[in-house]
Amino acid sequence: MVEMPKYAPFVIVMFLGACAGLLFMGITFLYGLAARKRWLMQVSAGLAVSGVLLYATLLFGFSLSSSETVLAIGGLKYFCEMDCHIANSVTSVMTSSELGNGEKRISATGKFYVVRVQTWFDPSTIAPFRGNSPLAPSPRKVVVVDDRGHEFSISQPGQRAFELTPGAITTPLTTPLRPGESYSTDFVFDLPTDIRNPRLFVGDADPISSFIIGHEDNALQRKIYFTLSPASTANSGASAR
């Protein structure tokens, strides 16, 4: 299954246009204030308020009409980087009660989940004039969410212990990629043994994203998750290309 950003270039242009319009109305208001032109102040303030209300209506309207999606192992979740798309997928999930080697072996408070995430620069999504220059993905938020909405962050002790294991991959999610390139990253979570329906969420960590229509960072927007079915493995679309 593939989950693509909906109307991504259009809503980003809308956001930039709204910001530019609000800035212009602000400057016009200040000019009217300095020139003592009350009518200009009223018009600019009215247009600014109307624009903000219209944008807020679209922002919350799209969020309320959205639906939650859970991708299977190997499913691709795309992130828009303006003229190109970066795709993430979960390629394997492993569980263990202990991680590490020798004296540095540690036990989980509950159960360790080791999740391998693949990042792929889809070459079919770039503009014809872009070329082969590298792109650094935007900062990401990576957490596990249960059926009650509780979030679980990466286990730092578990992460350090697993990194001592042969075959562990620690490539940061912000590592630059050229079109068609991919890499994997392992994340470790210490989850309760009685956790129900754990799902991985990989999302943008940029606070500005919460003001973009249809973006996952919006408070009411339903999210796109990855299933964490233990002991499941699969090749993602990126590795097969």
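Predicted model: local features only at pLDDT ≥ 70, side-chain atom pairs only at ≥ 80, totals over all residues.
Residues are numbered from 1 along each chain as its sequence is written, and side-chain values use heavy atoms, with hydrogens and water left out.

Rolling a probe the size of a water molecule over the atoms shows where empty space is left. Here a pocket is an open set of points on a 1 Å grid over the protein atoms alone, where a 1.4 Å probe fits and protein lies on both sides within 12 Å along at least five of seven lines; lining residues have an atom within 4 Å of a point. The second largest pocket has a volume of about 300 Å³, where volume is the space filled by probe spheres set on the points, and points are joined across faces, edges and corners. Of the 14 residues that line this second largest pocket, A18, L22, G51, V52 and Y55 are the closest to its centre. Which helix gives the largest share of the lining? Helix 2 does, with seven residues. Sorted by class, the lining of the second largest pocket has 12 nonpolar residues, two polar ones and no charged ones. In this sorting, Ala, Val, Leu, Ile, Met, Phe, Trp, Tyr, Cys and Pro are nonpolar, Asp, Glu, Lys and Arg are charged, and the others, Gly among them, are polar.

Now step back to the whole chain. Its secondary structure comes to three helices and 11 strands. Helices (H or I, at least four residues) and strands (E, at least two) are DSSP runs, numbered from the N terminus. Read from that end, the elements run β-α-α-β-β-β-β-β-β-α-β-β-β-β. Taken along the principal axes, the C-alpha atoms fill a box of roughly 75 × 40 × 30 Å. Of the 241 residues in the chain, 42% are buried. Buried means under 20% relative accessible area, exposed means over 50%, and partly exposed is in between (1.4 Å probe, protein chains only).

Next come the charges. The structure holds seven salt bridges, each a side-chain nitrogen of Lys or Arg within 4 Å of a carboxyl oxygen of Asp or Glu. One of them joins E68 and R199, with the closest N and O atoms 2.9 Å apart. E68 lies in the loop between helix 2 and strand 2 (69-71) and R199 in strand 9 (residues 199-204), so this pair ties together parts that are 131 residues apart in sequence. E68 is partly exposed at 45% relative accessibility, while R199 is buried with a relative accessible area of 6%.

Another salt bridge joins the side chains of R116 and D186 (2.7 Å, N to O). Because R116 lies in strand 5 (residues 106-122) and D186 in strand 8 (residues 182-191), this pair ties together parts 70 residues apart in sequence. R116 counts as partly exposed at 23% relative accessibility, and D186 is buried at 2%.

R140 and D204 also meet through their side chains in a salt bridge (2.5 Å, N to O). This pair links distant parts of the chain, with R140 in strand 6 (residues 140-145) and D204 in strand 9, 64 residues apart. Are R140 and D204 buried or exposed? Both are buried.

A charge sits over a ring if NZ of Lys or CZ of Arg is within 6 Å of the ring centre and within 35 degrees of the ring normal. R140 lies over the face of F79, 3.9 Å from the ring centre. The charged end of R199 sits over the ring of Y225, at 4.5 Å from its centre.

Finally, look at the backbone. Most residues other than glycine have a negative phi, and most peptide bonds are trans. R36, which is not a glycine, has a positive phi near 60°. R36 is in the loop between helix 1 and helix 2, and at 77% relative accessibility it counts as exposed. N197, also not a glycine, has a positive phi of about 55°. N197 is found in the loop between strand 8 and strand 9 and is partly exposed, with a relative accessible area of 46%.
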